[in-house]
Amino acid sequence: MGSLPHVVEDCGGVVQLFSDGTIYRSKDIGFPIPIINDQSVVFKDCLFDKTNNLHLRLYKPTSMSPSSPAKKFSVILFLHGGGFCVGTREWPNFHNCCLKLASGLNALVVAPDYRLAPEHRLPAAMEDGFSALQWLQAQVLSDKGDAWVNGGEADYDQVFILGDSSGGNIAHHLAVQIGAGSTGLAPVRVRGYILMAPFFGGVARTKSEEGPSEHLLNLELLDRFWRLSMPAGASRDHPLANPFGPGSLNIELVALDPILVIVGSCELLRDRGEDYARRLQEMGKKIEYVEFEGKQHGFFTNDPYSEASEEVIQDMKRFMVENSC
């Protein structure tokens, strides 16, 4: 008799991979975060990819902020985190974060789900991020498009892609794929990218990765996310993990729209974010790096109504205004 299947990879009980290849996903994520009720924002869900049964959530402010010089809402594509393995638009932290982005940035927020690993290894997540942008383009071009998108309130000439953690990695790959000017998405115009502690990797460890573990994150979990999400047999130097790996595309040859990188100084991913920004700056790209002292991974996403998060919103707002044309 063969032995019974046993757990070989366990992401906090939320996702478990067994020795026979089967995967267990828990419906209970045990997140002690209450859902915030923000009366200034309405939201609804839409199917954007029938083939993969993927939905997105739209968030719209109930009115235009009186202090805003704009006559229409900017558009934010929000790509959630979770190491490519966990997370959906319905998780309380991501939902609260999108409420804050909509109200704080006076924006229509588009928050898509994407296929998760290990059932769907990379580049599935990048493909789904691009599909969400194509859905947005289709709504704008269609007479029967979603009224929140093409009803005249949203300015699809002012689209910003905001990715948190693994979503920040997806945002980077979209920036490279779409290129400066986003002509392939016309009339949708991407003006810039905001990467919150992007989840990049590499075989060689950074100083911050070898530093103390965080409240919600440790190096063992980061490595596990990579093992579960990378194409089978790939290392952390694979181009989807490491933008500067031996087989990675030379980004210097790619024209990119402006990028803002935001990290906390106590994050395991801090050095990767700083290194990414420094290298792109040396290549002559328009990139900004902002570091929040004493903050850990998810400090904005998991507590979007804090004082520090208000500063993050102001940094994002400034970046959006500076790159609006």
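Which residues does Asp-315 touch, not counting residues up to four places away in sequence? They are Leu-260, Val-290 and Phe-292, where contact means heavy atoms within 4.5 Å. Hold on to that residue, since we will come back to it. First, some ground rules: this is a predicted model, in which local features need pLDDT of at least 70 and side-chain atom pairs count only at pLDDT 80 or more, while totals for chains, interfaces and linings use all residues. Residues are numbered from 1 along each chain as its sequence is written, and side-chain values use heavy atoms, with hydrogens and water left out.

Let's start with the eight-stranded sheet. This open sheet has the order E4-E5-E7-E6-E8-E9-E10-E11, with mixed pairing. Helices (H or I, at least four residues) and strands (E, at least two) are DSSP runs, numbered from the N terminus, and two strands pair if DSSP finds at least two bridges between them. At the edges sit strand E4 (41–49) and E11, each pairing on one side only. From one strand to the next, the twist averages 20 degrees; for angles like this, axes are lines fitted to C-alpha atoms (for helices, over the stretch in contact), and the values run from 0 to 180 degrees between N-to-C directions.

Now walk across some of the strands. E6 and strand E7 (residues 107–112) run parallel and are joined by four bridges, with Val-75 having Leu-108 in E7 as its bridge partner. Helix H1 packs on the sheet here, touching E4, strand E5 (54–61), E6, E7 and E8, and its direction makes about 155 degrees with that of E7. E6 also pairs with E8, in the parallel sense and over six bridges, and there Val-75 stands opposite Val-159.

E8 itself is mostly covered: eight of its eleven residues are buried, buried being under 20% relative accessible area, exposed over 50% and partly exposed in between (1.4 Å probe, protein chains only). E8 and E9 pair over six bridges in the parallel sense, and Gly-163 has Leu-195 in E9 as its bridge partner. To get from E8 to E9 the chain goes through H4, a right-handed β-α-β crossover. Right-handed here means that, with the strands pointing away from the viewer, the path from the first strand over the helix to the second runs clockwise. Helix H4 (residues 166–178) lies across E6, E8 and E9, at about 130 degrees to E8.

E10 and E11 run parallel and are joined by six bridges; one of the pairs is Val-261 with Tyr-289 in E11.

That brings us to helix H7. At 1.5 Å a residue, the 16 residues of H7 (residues 307–322) should span 22 Å, and the end C-alpha atoms are 23 Å apart, which agrees; the expected span is 1.5 Å times one less than the number of residues. Its buried residues are Ala-308, Ser-309, Val-312, Ile-313, Asp-315, Met-316, Phe-319 and Met-320. They cover an arc of only 160 degrees around the axis, which puts them on the same side of H7; the arc is that of the directions from the helix axis to the C-beta atoms. On the face turned away from this buried side are the exposed residues Glu-307 and Val-321.

What do the buried residues of H7 pack against? Their partners are strand E6 (73–79), helix H1 (92–105), strand E8 (154–164), strand E9 (190–196), strand E10 (259–264) and strand E11 (287–292). Back to Asp-315, then: this H7 residue counts as buried because its relative accessible area is 16%. Met-320, also in helix H7, counts as buried because its relative accessibility is 7%. Met-320 touches Ser-74, Ile-76, Leu-105 and Phe-160, leaving out residues up to four places away in sequence.

Finally, there is a three-stranded sheet. It is open, with the order E1-E2-E3 and antiparallel pairing. Its edge strands are strand E1 (7–11) and strand E3 (23–25), each pairing on one side only. Neighbouring strands are turned by 15 degrees against each other on average, direction ignored. E1 and strand E2 (residues 15–18) run antiparallel and are joined by four bridges, with Cys-11 partnered by Val-15 in E2. Helix H5 (residues 219–229) lies across E1 and E2, running at about 115 degrees to E1.
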